[in-house]
Amino acid sequence: MNRGLRPAHVAVLILGFAFLYIPIALVVLYSFNASRLVTVWGGFSLHWYASLLDNQQVVDSAWISLQVALISAAASTVLGTLAAIVLSRFGRFRGRLAFSALIYAPLVMPEVIMGLSLLLLFVSFDLDRGFWTLTLAHTTFGMCFVAIVVHARLAGFDRSLEEAAMDLGASPAASFFQITLPLIAPSVIAGFLLAFTISLDDFVIASFTTGPGATTLPMRIYSQVRLGVTPEINAISTLMIGTVALLVVTGLLIARGFRRQPV
Amino acid sequence: MSGDSPRKRCFRWGRFAIIAIPLAWLTMFFAAPFLFVIKISLSQAAQQRPPYEPVFDLSAGWHAFIEKLGELSFSSYWSLLDDTLYLDSYIGSLRLAGLATILGLVVAYPLALSMARAPRSWRPALIALAIAPFWTSFLIRVYAWITILKDEGLLNHALLSLGVISEPLHIFATDWAVLIGIVYSYMPFLILPIYNAIDRQDPSLVEAARDLGATGVQAFWQVTLPLSLPGVMAGALLLFIPAVGEFVVPDLLGGSDTLMIGRTLWNEFFANRDWPVASAVAIVMLVLLLIPLALYERNETRSMEPRL
């Protein structure tokens with residue numbers, strides 16, 4: 001068989017990735033457009049970024065979104081890592097099928113259903129909707145993403161090291177913290193970042209589970225988009241894309257540091 | 001060794017706690033809320049806070065419970081049949097999600113295949129490129145298409161100035177825009193499972209087919225494609241199930257006549273404040289999705305289970 005990449009495959013790769021990236025690139029590009037018209041290029045300008053910083057509502061929402069994302073991602077990471085240990089280390093136990101169903105279902109469950117059901121739960125228990133109900137909701141789907149990412153790593157991982165540690169007298173907890181956790185740390189960090197990003201981006205579930213005091217950034221973006229496309233939205237979007245990119249790159253660098261460390 | 005027994009008991013408790021903590025969380029915040037949706041769907045809308053008639057309140061004792069049982073009402077479910085809006089929304093959702101799945105596979109399969117056929121050293125970068133859009137906000141990715149697809153948008157602007165068309169294309173606010181939006185935003189979910197299913201295949205299978213006289217195209221149709229079907233199935237379900245309940249895409253890219261059930265539920269809840277009907281809409285949607293959900297669960301647990 002020919003070793004080289006056939007021209008047809010190259011063409012598909014170029015077209016495919018163009019389809020994936022051109023829309024995002026256009027949003028970023030037009031955030032630097034001096035003209036208010038979205039289709040006309042009026043020269044380079046940082047005007048829309050400056051006007052964003054003056055918009056107190058947007059700044060407040062961004063702050064709320066960041067706080068919720070940070071707290072819920074931290075909680076998701078702990079819960080999701082526990083769930084991943086159960087999935088990959090505990091063998092068969094009664095209720096295992098139900099357990100994995102509970103982990104996988106939230107990943108595909110339509111968001112309107114999850115949002116509505118969480119809201120009805122909070123209302124039934126008379127909880128005031130706001131910052132904390134939102135954080136609870138985000139932790140619930142975040143932990144499932146963390147569980148999948150960490151589970152994938154634990155499943156393809158050499159157990160003989162853990163067994164050796166336990167043979168040498170380490171308790172399961174000690175062998176987990178001293179052997180397993182450093183080895184799976186890159187996936188735990190990746191899981192944290194994923195949970196953080198998904199929380200930061202969520203609009204539908206947030207709309208159901210938050211209250212008047214805690215309007216998130218995606219909710220602000222949505223209501224602005226409904227009023228019409230403006231270059232300010234492009235500027236917020238670009239900042240969000242930039243924040244996530246920066247975070248992911250930093251996270252990956254930290255993860256790589258872990259991998260290099262001798263165990 | 002009797003000295004082991006307290007330690008063993010400690011292990012058992014530790015094991016129990018590690019299972020119980022995530023299980024309790026998901027039961028409390030994912031499974032149990034469905035009971036409340038069922039409960040509210042059997043209530044009736046009311047002008048109060050929260051906007052529905054109270055349903056069985058256990059604190060009031062057995063007697064009140066039995067009494068309330070008699071007041072349960074299926075009127076929300078009946079009203080789903082009364083107004084064709086709901087039936088049309090369900091059909092519209094299933095149709096658009098189905099079409100989007102087919103269109104998505106047509107776009108994602110060649111891309112995944114080309115990624116799997118690329119030199120080994122390129123693949124990590126290609127995979128990262130395929131996943132990265134998933135890390136950008138869903139809302140922003142849908143929003144990006146408004147600017148592109150509008151009548152006075154970038155696509156029409158480009159095509160008009162290139163002379164390809166003489167009249168602007170009306171794509172925005174049609175079902176086409178919704179299809180493009182769904183396919184685009186769920187693309188990473190389709191590419192990865194298909195790529196994995198192709199990448200996992202033993203290359204000697206295709207070589208054997210070629211040696212036996214099959215052309216490249218025949219080898220693809222008879223070897224590569226059938227062997228990748230589990231990945232195709234996984235990707236299709238990852239798109240289809242959430243797409244049925246999609247709200248953001250039809251709301252931002254669709255027209256006022258684009259009926260999808262997620263959008264109908266949203267309007268019922270936020271605009272009409274009819275919580276019981278919104279709950280009934282959700283329950284019926286869940287029932288419609290039971291078969292694809294069961295298929296998805298089976299697929300995922302099988303492929304992700306460690307070899308026990």
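Helices are DSSP runs of H or I with at least four residues, numbered from the N terminus. In the predicted model described here, the elements of chain A run α-α-α-α-α-α-α-α-α-α-α from the N terminus on. Chain B has 14 helices and 0 strands. Its pattern along the sequence reads α-α-α-α-α-α-α-α-α-α-α-α-α-α. The radius of gyration of chain B is 25 Å, whereas the globule rule gives 19 Å for 308 residues; chain B is therefore more spread out than a compact globule.

The overall dimensions were computed along the principal axes. The C-alpha trace of chain B spans about 80 × 80 × 35 Å. For chain A, the C-alpha atoms fill a box of roughly 70 × 65 × 30 Å.

In chain A, 54% of the 263 residues count as buried. In chain B, 49% of the 308 residues do. Contacts were also sorted by their separation along the sequence. Among the contacts in chain A with a separation of 6 or more, 71% join residues 24 or more positions apart. The corresponding share in chain B is 69%.

Chain B exposes about 15,500 Å², with 66% supplied by carbon and sulfur atoms. Charged side chains were then counted. Chain B has 21 positive and 24 negative side chains. The centres of these two sets in chain B lie 15 Å apart.

The two chains meet at an interface. On the chain B side, 91 residues are in contact with 92 residues of chain A. Chain B and chain A bury about 8,100 Å² between them. Carbon and sulfur atoms account for 81% of this buried area. In chain B, the residues that lose the most area to chain A are B:Phe30, B:Trp135 and B:Tyr143. Together these three make up 10% of what the chain B side buries.

Just after α7(B) comes B:Gly163, which takes a positive phi of about 80°.

Positive phi values also occur at residues other than glycine. B:Ala173 is not a glycine, yet has a positive phi of about 65°. B:Ala173 sits in the loop between α7 and α8 (175-199) of chain B. Its relative accessibility is 31%, so B:Ala173 counts as partly exposed. In chain A, A:Asp126 has a positive phi of about 60° and is likewise not a glycine. A:Asp126 is placed in the loop between α5 (111-124) and α6 (131-155) of chain A. The relative accessibility of A:Asp126 is 68%, and A:Asp126 therefore counts as exposed.

Two further residues illustrate buried and exposed positions within helices. A:Ile221 lies in helix α10 (residues 217-227) of chain A. At 2% relative accessibility, A:Ile221 counts as buried, since the cut-off for buried is under 20%. Leaving out residues up to four places away in sequence, A:Ile221 touches A:Ile233, A:Ile236, A:Met240 and B:Leu139. One of these partners, B:Leu139, belongs to chain B. A:Ile221 and A:Ile236 are 15 residues apart in sequence. Their C-alpha atoms are 8.0 Å apart in space.

B:Val106 lies in helix α4 (residues 84-117) of chain B. At 55% relative accessibility, B:Val106 counts as exposed, because exposed means over 50%. B:Val106 and B:Gly14 are 92 residues apart in sequence. From C-alpha to C-alpha, B:Val106 and B:Gly14 are 49 Å apart in space.

Terms used: Residues numbered from 1 in each chain as written. Chains lettered and ligands numbered in written order. Heavy atoms only, no water. Helix = DSSP H or I, 4+ residues; strand = E, 2+ residues; numbered from the N terminus. Rg over C-alpha atoms; globule rule 2.2 N^0.38 Å. Buried < 20%, exposed > 50% of the residue type's maximum accessible area, 1.4 Å probe, protein only. Contact = heavy atoms within 4.5 Å. Areas by Shrake-Rupley, 256 points an atom, 1.4 Å probe, with all protein chains shown as cover. Lys, Arg positive; Asp, Glu negative; His and termini not counted. Charge placed at Lys NZ, Arg CZ, Asp CG, Glu CD. Buried area = accessible area lost by both parts, 1.4 Å probe.
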